[in-house]
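Take a moment with the sequence and the 3D view before reading on. Then we can walk through some spots together.

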Amino acid sequence: MTAYTLFGAEVSYYTGKARAYLRWRGVPFTEQVATQEVYRDIILPNVGWPVIPVLATPDGEIIQDTGDIIGYVEAKESREPSVWPQTPLLRFVSELLHLYGDEWLVIPAMHYRWSYNEDWAYGEFGALSAPHLSPEEQYELGKKNGARFKGALPVLGVNDATIPGIEKSYEAFLNDFSDHLGTHPFILGHRTTLADFAFFGPLYAHLYRDPTSGELMKRIAPRVADWVERVENGERGDETEPHADTAHATLLPILTRQMQEQLPALLATAEFYKEWAANAEAGQRVPRVLGDMMIEIEGCRGPAKARSFPLWRLQGALDVYHAMDEETRTRADALLQTIGGLDLIGMDYPRLKRENCQLVLA
Ligand SMILES: N[C@@H](CCC(=O)N[C@@H](CS)C(=O)NCC(=O)O)C(=O)O
């Protein structure tokens, strides 16, 4: 085998992120649809649970988790420019936005898919699992397979209490992102970086490609739809110029929204995790759900599960913060103050690591 193989699906959030990254990176890869057979023969035996995307490397390694996929390919291929900005403050910002794209924008993405595109999604799920079946049979199969994904809504905190806030927040986010794109072609400025791929996850498969959601995006935020198309097409921007090490003013409303909504959930999750870790051993698998909490979005409060995975992405961001020199840290603290994120600094929880495609206590 000389190329990478990405096992995934066009309807999948994180496959979109990995595909856009691999396309941009320019490495040879083919994409194979994660049919029932692929789950049975490749994903379950190697990963241990049904999840996409999965990358098979030319050396025969199997990698799950888009963060691990990107990290692996970056290290293996050593191409320029790196997916990460080379300036330290922006590297931190890119990890924060990675956390936001992967673990918070999933809330509107899943809400809009399952509240406005449900039947369409069942057809798509069925067609990808069993391309040989009739559309009616695919719909029935898709309904069965899709139940697991729809079942994530209460876990994420999508419910009658939060939905009005989720919609208000998403529309405001689209507005802020449009303003940003009015002066900068990509999230960190003039070229594509990790932050673009992280946002592409929610903003492509669910919020652009699902018909009703795509109609909303194109109507109220055509610039965001244009960015989705540019990232999808592998547009790179100007890679000759290094980044100036500041977050553009137009990114601040997006980061502020992240801190308002996601940071309290992260703080609550870290408390559950500390309680769990106090009685756990190194190497022990961390439960995907650690407890019950309330989230608040645009004044709408409702129940959600405290999921452990966001703490892993957060650890990535905090590691960058703690590795900063004093001058950069002073600038990072000023940024955190501006966006309402100072509580991040004091966060301290037992380290996590990845082992056999799972999150474990380090
Ligand atoms: N952190 C993982 C998330 C992968 C993920 O949640 N994939 C979805 C499809 S887009 C899935 O297969 N979920 C199954 C599940 O969570 O049980 C990544 O970045 O790869």
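Where is Pro185 found? Pro185 sits in the loop between α9 (163-183) and α10 (194-209). Those labels follow a simple scheme: helices (H or I, at least four residues) and strands (E, at least two) are DSSP runs, numbered from the N terminus.

## Ground rules

This is a predicted model, where local features need pLDDT of at least 70 and side-chain atom pairs count only at pLDDT 80 or more, while totals for chains, interfaces and linings use all residues. Residues are numbered from 1 along each chain as its sequence is written, and side-chain values use heavy atoms, with hydrogens and water left out.

## Back to Pro185

At 36% relative accessibility, Pro185 counts as partly exposed. The cut-offs are these: buried means under 20% relative accessible area, exposed means over 50%, and partly exposed is in between (1.4 Å probe, protein chains only).

Pro185 touches His190, Trp227 and Arg230, if you skip residues up to four places away in sequence. Touching, or contact, means heavy atoms within 4.5 Å. Now look for Gly237: it is 52 residues from Pro185 in sequence, yet their C-alpha atoms are 7.4 Å apart in space.

The chain is divided into domain 1 (4-77) and domain 2 (88-109 + 161-361), with bounds that come from an automatic or database domain assignment. Their C-alpha centres lie 22 Å apart, and 22 residues of domain 1 are in contact with 32 residues of domain 2.

Next, the largest nonpolar core has 119 residues, and Phe199, Leu203 and Trp227 touch the most other members. This core lies between domain 1 and domain 2, because both give residues to it. A nonpolar core here is a set of buried Ala, Val, Leu, Ile, Met, Phe, Trp, Tyr and Cys residues joined through side-chain atoms within 4.5 Å. In soluble globular proteins, nonpolar side chains tend to be buried together. Leaving aside neighbours within four places in sequence, Leu203 is in contact with several residues, including Tyr170, Phe173, Met217 and Trp227.

## A helix tucked inside

Helix α4 (residues 88-103) has 16 residues and reaches 23 Å from its first C-alpha to its last, close to the 22 Å expected at 1.5 Å a residue. That expected span is 1.5 Å times one less than the number of residues. How many of the 16 residues of α4 are buried? The count is 14, so α4 is largely enclosed by the rest of the structure.

## Around the ligand

There are 16 residues around the ligand, and the closest are Ile52, Asp65, Thr66, Arg148 and Arg288. A residue counts as near if one of its heavy atoms lies within 4 Å of the molecule.

A polar side-chain atom of Thr66 lies 2.5 Å from one, an N or O atom in the side chain of Arg148 is 2.8 Å from one, and for Gln64 the distance is 3.0 Å. A polar contact is a pair of N or O atoms within 3.5 Å; within protein, one must be able to donate a hydrogen and the other to accept it, and residues adjacent in sequence count only if both atoms are side-chain atoms.

Two prolines deserve a look. The peptide bond from Ile52 to Pro53 is cis, with omega near 5 degrees, and Pro53 is in the loop between α2 (36-47) and β3 (54-56). The bond from Glu80 to Pro81 is cis too, with omega near -10 degrees.

Then there is Asp65, which has a positive phi of about 95 degrees although it is not a glycine. Ser78 also has a positive phi, near 35 degrees.

His243 lies in the loop between α12 (222-232) and α13 (252-278) and is buried, with a relative accessible area of 10%. Its contacts, beyond neighbours within four places in sequence, include Pro85, Leu90 and His190.

Ser213 is in helix α11 (residues 211-220) and counts as buried at 2% relative accessibility. A polar atom of the Ser213 side chain lies 3.5 Å from the backbone oxygen of His206.
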